[in-house]
Amino acid sequence: MSRIKTLRSPAQMELQKLLKAARVQAGLSQLSVAEGMGWRQADISKVEAGERRLDVVEFVRMARVVGFNPDKILRMIDAVLD
């Protein structure tokens, strides 16, 4: 069974778009999100550009820093997978 590459999948690209939109809507810079997560600004840039994936713990941490509902984002991603 072959593995499906997800880094450039429609669902991954939608996640990147939603994460960036949530950050912008919250009025936060990449730097402020990075500082809240203990990361570098370049790491947030890579996530938003699709060069780096988030694991589930990082995703929840980002939700707390940015102030978005992780359940809502996951439902939106689930809809893209259909």
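I began with Leu54, which touches Leu19, Trp39, Val47, Phe59 and Met62 when residues up to four places away in sequence are not counted. Contact here means heavy atoms within 4.5 Å. The model is predicted, so local features need pLDDT of at least 70 and side-chain atom pairs count only at pLDDT 80 or more, while totals for chains, interfaces and linings use all residues. Residues are numbered from 1 along each chain as its sequence is written, and side-chain values use heavy atoms, with hydrogens and water left out.

**Leu54, continued**

I placed Leu54 in the loop between α3 and α4. Helices are DSSP runs of H or I with at least four residues, numbered from the N terminus. Is Leu54 buried or exposed? I noted it as buried, because its relative accessible area is 19%; the cut-offs are under 20% for buried, over 50% for exposed and in between for partly exposed, with a 1.4 Å probe and protein chains only. I also looked up Leu54 against Met37: they are 17 residues apart in sequence, and their C-alpha atoms are 12 Å apart in space.

**Helix α1**

I checked the length of α1, residues 10-25. At 1.5 Å a residue its 16 residues should span 22 Å, and the end C-alpha atoms are 22 Å apart, which agrees. The expected span is 1.5 Å times one less than the number of residues. I listed the buried residues of α1 as Ala11, Gln12, Glu14, Leu15, Gln16, Leu18, Leu19, Ala22 and Arg23. Their cover includes α2 (30-37), α3 (41-49), α4 (56-66) and α5 (70-81). After α1 comes Gly27, with a positive phi near 75°.

I then took Arg23 of α1 separately. Arg23 counts as buried because its relative accessibility is 9%. Leaving aside neighbours within four places in sequence, I found Arg23 in contact with Leu28, Ser29, Gln30, Val33, Glu48 and Val66.

**α2 against α4**

I read the axes of α2 and α4 as coming within 9 Å and crossing at roughly 120°. Axes are lines fitted to C-alpha atoms, for helices over the stretch in contact, and angles run from 0 to 180 degrees between N-to-C directions. The pair is therefore oblique: under 35 degrees counts as roughly parallel, over 145 as roughly antiparallel, 65 to 115 as roughly perpendicular and the rest as oblique. The crossing is right-handed, meaning that the near helix is turned clockwise from the far one by less than a right angle. On the α2 side the contact is made by Val33, Gly36 and Met37, and on the α4 side by Glu58, Arg61, Met62, Val65 and Val66. By class I recorded five nonpolar, one polar and two charged residues. Ala, Val, Leu, Ile, Met, Phe, Trp, Tyr, Cys and Pro count as nonpolar, Asp, Glu, Lys and Arg as charged, and the others, Gly among them, as polar.

**α2 against α3**

For this pair I noted an angle of about 110° and axes 8 Å apart. That makes α2 roughly perpendicular to α3. I logged this crossing as right-handed. Gln30, Leu31, Val33, Ala34 and Met37 of α2 meet Gln41, Ile44, Ser45 and Glu48 of α3. I sorted these residues into five nonpolar, three polar and one charged.

**Leu31**

Last, I looked up Leu31 in α2. Leu31 counts as partly exposed because its relative accessibility is 44%. Leu31 and Met76 are 45 residues apart in sequence and 26 Å apart in space, C-alpha to C-alpha.

Key. Helix = DSSP H or I, 4+ residues; strand = E, 2+ residues; numbered from the N terminus.
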